[in-house]
Amino acid sequence: MRGLLEKKVLFFGGKGGVGKTTCASATALAASHAGKRVLLVSTDPAHSTSDIFEREIGPEPVELLPNLWGLEIDGALESQRYVANVKEQIKGLFGDHILKEANKQIDLAASMPGAEEMALFDRIGGLIRGEDTRFDLIVFDTAPTGHTLRLIRMPELMEAWIRALSRSRQAMLGIEQDDKTDPVMLSLKGRLEGLREFRARLLSPRVSAFMLVLVAERLPIEETARAIDQLNDAGVSIGGLVVNRILPATSPDPFLQSRHAQEVVYLDEIDRRFAKLPRVRVPQLASDVHGVKTLEALSKILIPDPCHVAN
Ligand SMILES: Nc1ncnc2c1ncn2[C@@H]1O[C@H](COP(=O)(O)OP(=O)(O)OP(=O)(O)O)[C@@H](O)[C@H]1O
Ligand SMILES: [Mg+2]
C-alpha cells in the first residue's frame, strides 16, 4: 500500500461501521510521519475524527499533530456560506427590485432537499482541486458508500446541467457561446472550468485513489463488489482493499475458533473475487481505536515503514 502516499487525494469508503474513520486516520498519520503535509477531512455528517484524535475539529483545518490537520465539513454550514457567497456575487449584477426577488429565490433553493449535499460537494470540489496549497495530501473519511458514490458522480451531472443552463441563456440573449459580455455566462463558464478540473483530478489515477474498507462478512463483501463496479463505471481508480478486524487464528476459545473458521471462508472469497486489487489485512485489536497511540500501531500495519517516501 506504499504507493498510496504518493497520491494527492485518498478516499476511504465502505459499509457502515467497518473502520473507514479508523483506517483513514491511521493512513493520514502514516503520511504525516513520512513528511507529507496531510489534511484529514470528514464528510460524514456523523463526524468521528474528533473522537479518534480526542480533539475538537471544526469547519476549518485545525492542526492535530505536526504535519497533520483535521477538518470536519458540515453540510448545513457550507450551505449557509454558499448562499451568502452567491448573494454577494449577484449583488452588482441586478437592480434593487430584481435583486430582492433573486435573493428570495436563492433562499428558497437553499431550503430544498439536496441543497446541503450540493454545498458539501462544492467544498469537497475546492479541496480536490487543491485550492488550499498548504497540503500535499488530502484524506477523505467518507460516509457509508452510497452517499459518497453519489458525490463522485456529481461533477459529471453538474457539468451537463450547467451546459444546459448556458445554452438556454445563450438562446435567450441571442449571443455566441464565447460571448464575454454577459456576467451570468461568465459565471457559468467559470463553474464549468472548476468542475472540469475537479473531474480531471478525481479521475486521474496519479492524483486520486479510492480505498475500500470491509470486514470478512457476507454483506460487506457484496457491498464492496458493488462499489468496485460503480467506481469502475465512474472511472475512479481503486487504491486497494483494507480487510479490517481479522480475528486471531490461534485462540483456544471455541466461540472465537468458530468465528475464525467462518472468517477464513470469507477471506478466501475476498482473495478470489478481488484478486486484481491490492489488499491489506488488519487484525482485530483488543480494544477500540482511540487516541494517537493505537492509531500509530494501525498505521504501521497499513503502511509499513513509510519513511522512504519522498515528498
Ligand atoms: N482493527 C480494529 N480493531 C479494533 N477495533 C476497531 C478496529 N477497526 C475499527 N475498530 C473500532 O470499530 C468501531 C468502528 O470503526 P470506525 O468508526 O472507524 O468505522 P466507520 O466505518 O468509520 O463507521 P461509520 O460508518 O459509523 O462512520 C470504532 O469503535 C473503532 O474503534
Ligand atoms: Mg466513520
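Threonine 224 sits in helix 8 (residues 218-234), where helices (H or I, at least four residues) and strands (E, at least two) are DSSP runs numbered from the N terminus. Please keep in mind that this is a predicted model: local features need pLDDT of at least 70, side-chain atom pairs count only at pLDDT 80 or more, and totals for chains, interfaces and linings use all residues. Residues are numbered from 1 along each chain as its sequence is written, chains are lettered from A and ligands numbered from 1 in the order in which they are written, and side-chain values use heavy atoms, with hydrogens and water left out.

**Threonine 224**
- With a relative accessibility of 4%, threonine 224 counts as buried (buried means under 20% relative accessible area, exposed over 50%, partly exposed in between, with a 1.4 Å probe and protein chains only).
- Its side chain reaches the backbone oxygen of proline 220 at 2.7 Å.

**Around ligand 1**
- There are 19 residues around ligand 1, and Lys20, Thr21, Thr22, Leu285 and Val289 come nearest (a residue is near a molecule if one of its heavy atoms lies within 4 Å of it).
- Glycine 19 places a backbone N or O atom 2.9 Å from an oxygen atom of ligand 1.
- In the side chain of asparagine 244, an N or O atom is 2.9 Å from a nitrogen atom of the ligand.
- For arginine 245, a side-chain N or O atom lies 2.8 Å from an oxygen atom of ligand 1.
- On its own, ligand 1 has 630 Å² of accessible area, and the protein covers 81% of that (areas come from the Shrake-Rupley method with a 1.4 Å probe; for residues, only the protein chains shown count as cover).

**Aromatic pairs**
- The count comes to 4 aromatic pairs (rings of Phe, Tyr and Trp, the last by its six-membered ring, pair if their centres lie within 6.5 Å; planes under 30 degrees apart count as stacked, over 60 as edge-to-face and the rest as tilted).
- Phenylalanine 11 and phenylalanine 140 are stacked, because their ring centres are 5.0 Å apart and their planes at 15°.
- Phenylalanine 11 belongs to strand 1 (residues 9-14) and phenylalanine 140 to strand 5 (residues 137-141), so the pair ties together parts that are 129 residues apart in sequence.
- Both phenylalanine 11 and phenylalanine 140 are buried.
- Phe11, Phe140 and Phe210 are linked into a cluster by ring pairs.

**Leucine 93**
- You will find leucine 93 in the loop between helix 3 (75-90) and helix 4 (96-110).
- Leucine 93 is partly exposed, at a relative accessible area of 36%.

Definitions and conventions. Polar contact = N/O pair within 3.5 Å; in protein donor to acceptor, adjacent residues only side chain to side chain.
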